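Here are my notes on this one, point by point. Have the model open while you read.

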Amino acid sequence: MDSAEAQTYGLVETALAAGKSVYVPRCRGQQMDMVRITNLLGLKPNTWGIPEPSHSEPAVDPNTLDFILVPGVAFDATGN
């Protein structure tokens with residue numbers, strides 16, 4: 001995993017332990033979708049070494065989520 005990428009494992013583990021519904025991003029080509037996880041064990045490194053859910057897991061409509069935290073190192077000041 002890229003050391004410049006913000007590490008969120010602790011946050012995710014805490015939320016899961018508290019019984020929260022946790023969704024994480026998954027890349028599909030140029031698109032990114034959100035997938036619910038119940039543990040960190042099923043995550044596998046993608047092309048960039050960032051753990052993400054299997055492509056067999058269903059995505060959810062991000063408009064149904066209350067809060068989305070997506071750390072990244074590949075964004076510029078205008079969000080591109």
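1. Ile-37 first: with a relative accessibility of 6%, Ile-37 counts as buried (buried is under 20% relative accessible area, exposed is over 50%, partly exposed is in between, with a 1.4 Å probe and protein chains only). Ile-37 belongs to strand β2. Setting aside neighbours within four places in sequence, Ile-37 is in contact with Val-12, Leu-16, Val-22, Val-24, Leu-43 and Pro-53, where contact means heavy atoms within 4.5 Å. One of these, Val-22, is also the bridge partner of Ile-37.

2. A word on what we are looking at. This is a predicted model, in which local features need pLDDT of at least 70 and side-chain atom pairs count only at pLDDT 80 or more, while totals for chains, interfaces and linings use all residues. Residues are numbered from 1 along each chain as its sequence is written, and side-chain values use heavy atoms, with hydrogens and water left out.

3. Now the overall layout. The protein has one helix and five strands, and along the sequence they follow the pattern α-β-β-β-β-β. The radius of gyration is 13 Å, close to the 12 Å from the globule rule for 80 residues, so the protein is as compact as a globular protein of that length. That radius is taken over C-alpha atoms, and the rule is 2.2 Å times the number of residues to the power 0.38. Helices (H or I, at least four residues) and strands (E, at least two) are DSSP runs, numbered from the N terminus. Along its principal axes, the C-alpha trace spans about 35 × 25 × 25 Å.

4. Which strands make up the sheet, and in what order? The open sheet has three strands in the order β1-β2-β5, with antiparallel pairing. β1 and β5 (59-60) stand at the edges with a single partner strand each, so one side of each has no neighbour in the sheet. Two strands are taken to pair if DSSP finds at least two bridges between them.

5. Strand β1 (residues 22-28) and strand β2 (residues 31-37) are antiparallel and share seven bridges. Tyr-23 has Arg-36 as its bridge partner in β2, and Pro-25 stands opposite Met-34 in β2. Two residues sit between the strands of this hairpin, and Gly-29 takes a positive phi near 65° there.

6. Met-34 has Val-60 as its bridge partner in β5.

7. Leu-65 lies in the segment after β5 and counts as buried, at 18% relative accessibility. Not counting residues up to four places away in sequence, Leu-65 touches Tyr-23, Met-34 and Val-60. Leu-65 and Ser-21 are 44 residues apart along the chain, and their C-alpha atoms are separated by 9.7 Å.

8. Two loop residues next: buried or partly exposed? Gly-42, in the loop between β2 and β3 (44-45), is partly exposed at a relative accessible area of 41%. Ser-54, in the loop between β4 (51-52) and β5, is partly exposed at 34%. Gly-42 and Ser-54 are twelve residues apart in sequence and 7.4 Å apart in space, C-alpha to C-alpha. From Ser-54 to Gly-29, 25 residues apart along the chain, the C-alpha separation is 14 Å.

9. Some totals to finish. Of the 80 residues, 20% count as buried. Among contacts with a separation of 6 or more, 49% come from residues 24 or more positions apart. The protein exposes about 5,900 Å², with carbon and sulfur atoms supplying 55% of it; the areas come from the Shrake-Rupley method with a 1.4 Å probe, and for residues only the protein chains shown count as cover.

10. Last, charge. There are 5 positive and 9 negative side chains, and the centres of the two sets lie 9 Å apart. Lys and Arg count as positive and Asp and Glu as negative, leaving out His and the chain ends. Each charge is placed at NZ of Lys, CZ of Arg, CG of Asp or CD of Glu.
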